[in-house]
Amino acid sequence: MTVNLKKEFESNIPDNIKEALKFCSKTADDQNLQIFLIGGVVRDIIINKKNFDVDITVQGNAVEFAKSLENSYPELCKIKEIHDNFKTAKILFTINSDIIPIDLASTRKEFYPYPSSLPVIEKIGCELYDDVIRRDFTINSMALALNSSSFCTLIDYLNGYEDLKNGVLEVLHPLSFIDDPTRIVRGLKFNARFGYKFGEKTEALMRECLNSGRFDNLCGERIKLELKHAFNINKADCLSRFIKEDIYKLVDTSLSCVKNIDDISMECENTINEYCNFLDTQDNIWLIYLGSLLVKANQDKISELSKKLYLSGHEETILQDAAKLYRNKEAVNKAKTRFEVYEFFEKAKIESILIFLILNKDLKSKLDLYLKELKDANININGDILISMGLKPSPVFAKILRNVLKAKINKEITTYEEEVVFAKSLLQNR
Ligand code: CTP
């Protein structure tokens, strides 16, 4: 059965992108090249979801196609990047002052020389079928023709349309997870995002792959990227399944030693929802999930894992600081004054504090006090005032100012004048 998605294309692709795609179609027709929308954007057109990541596959040479577009529409289309080894290019259309990025890839046939390796290109400019069969799930394996003679005809070699309607994730061949185990985490992502579930066969293949334990060659950077995409969606189920279905084995076997994972997962989701306004970026949500599994780990273990996953210094600090807060939690338990609470948290990043909270709900009131009242505490006087009082710049400055801050946080003083008087009294008592 031929499915035409013109109606869905019209309603789900924004007008300016449609306009850019018209120019692509025209140039492809002129050059007698077959071009297709491919992957996630086709999936999202079918499920009526807006997707601005436009991927086009060119049955032929995408770099030459990009150059033709730039030549044909010099005012509208610019090549931003070319990757000659993969024969891919990124172009930017300017339509009604809107910048439309489009990724162009040549169809390519690939193979994996050994489990968890990077794929090796066998042929560039192959038949569309060979390009499609190298992909992860049937729902991502569909193409949508862009040439005028077949505009918006769905090319679905592998039953993706049916699987998508049924919300089922199916891999394309039995070695898919062995070739690329990061696809298991991509499955978590599609489950968290759309609620899609692995089909029976695919689930069995996942188990087989995880039981094989052949992940030594798996590049930490790739697994990190997929973990980030999956956990940043902030769904408790993602973490529960990560542990209960042994997916953690892709990262490190030590991650499994967490009891009551359902409770922790739920705490992660709820805590992030409640405190998301305090986060500078949503990009580190995944670290809060990961940190909740590592809060009892020692410094060396966290360093080892950070190396394995290619974490940045900032990312490792989030995990290390959370574990440090946890190791020292007696101090916050004992904290009586507002300043003692402030001192406990002041150097930690918000993400670390939230990881700590997930594991210590009984300390919520102290943490609320810190985040909602104390976090941004500061004083109005500075070193200049102390100089005007006759003090020469020295390390004593910092001590005096710190004591003024302490008095202010503890509500012993409030106004600027009171800060000055308090600083003076500290000076006299020295
Ligand atoms: N792909 C794959 N195996 C991977 C990663 C990606 O086969 N490990 C394929 C998928 O078929 C996917 C395409 O490459 O459709 C592009 O991947 P990506 O850029 O991650 O895009 P999407 O699948 O569209 O994911 P998202 O919606 O999260 O952008």
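Student: Which residues are buried in H12?
Tutor: Keep in mind that this is a predicted model. In H12, the buried ones are Ile 261, Ile 264, Ser 265, Cys 268, Glu 269, Thr 271, Ile 272 and Tyr 275.

Student: Where do they sit around the axis of H12?
Tutor: They cover an arc of only 170° around the axis, so they end up on the same side of H12.

Student: And what do the buried residues of H12 pack against?
Tutor: Four helices: H11 (236-244), H13 (285-294), H18 (350-359) and H19 (364-374).

Student: What span should H12 have, and how far apart are its end C-alpha atoms?
Tutor: H12 runs over residues 261-275, which is 15 residues. At 1.5 Å a residue it should span 21 Å, and its end C-alpha atoms are 21 Å apart, so the two agree.

Student: OK, switching to the ligand. How many residues surround it, and which are the closest?
Tutor: There are 14 residues around the ligand, and the closest are Arg 43, Asp 136, Asp 180, Lys 189 and Arg 193.

Student: Asp 136 next: backbone or side chain?
Tutor: Backbone. An N or O atom from the backbone of Asp 136 lies 2.8 Å from an oxygen atom of the ligand.

Student: Which residue has a side-chain N or O atom 3.5 Å from a nitrogen atom of the ligand?
Tutor: That's Thr 182.

Student: How much of the ligand's accessible area does the protein cover?
Tutor: On its own the ligand has 580 Å² of accessible area, and the protein covers 72% of that.

Student: Backbone torsions now. What's the phi of Asn 32?
Tutor: Asn 32 has a positive phi, about 60°, although it isn't a glycine. You'll find Asn 32 in the loop between helix H2 (15-31) and strand E1 (34-38).

Student: Is Asn 32 buried or exposed?
Tutor: Exposed: its relative accessible area is 69%, and the cut-off for exposed is over 50%.

Student: What about Tyr 310, where is that one and what's its phi?
Tutor: Tyr 310 is in the loop between helix H14 (299-308) and helix H15 (313-327). Its phi is positive too, at about 55°, and Tyr 310 is not a glycine. With 47% relative accessibility, Tyr 310 counts as partly exposed.

Student: Let's go to Phe 177. Which helix is it in, and is it buried or exposed?
Tutor: Phe 177 belongs to helix H7 (residues 176-179). Phe 177 is buried, with a relative accessible area of 1%.

Student: What does Phe 177 touch beyond four places in sequence?
Tutor: Its contacts there include Phe 137, Val 171, Ile 184, Phe 198 and Met 206.

Student: Which residues is Ile 381 in contact with, leaving aside neighbours within four places?
Tutor: Leu 401, Val 404, Tyr 416, Glu 419, Val 420 and Ala 423.

Student: How far is the C-alpha of Ile 381 from that of Gly 160?
Tutor: They are separated by 66 Å, and the two residues are 221 residues apart along the chain.

Definitions and conventions. Residues are numbered from 1 along each chain as its sequence is written. This is a predicted model: local features need pLDDT of at least 70, side-chain atom pairs count only at pLDDT 80 or more; totals for chains, interfaces and linings use all residues. Side-chain values use heavy atoms; hydrogens and water are left out. Helices (H or I, at least four residues) and strands (E, at least two) are DSSP runs, numbered from the N terminus. The expected span of a helix is 1.5 Å times one less than its number of residues. Buried means under 20% relative accessible area, exposed over 50%, partly exposed in between (1.4 Å probe, protein chains only). The arc is that of the directions from the helix axis to the C-beta atoms. Contact means heavy atoms within 4.5 Å. A residue is near a molecule or strand if one of its heavy atoms lies within 4 Å of it. A polar contact is a pair of N or O atoms within 3.5 Å; within protein, one must be able to donate a hydrogen and the other to accept it, and residues adjacent in sequence count only if both atoms are side-chain atoms. Accessible areas come from the Shrake-Rupley method with a 1.4 Å probe; for residues, only the protein chains shown count as cover.
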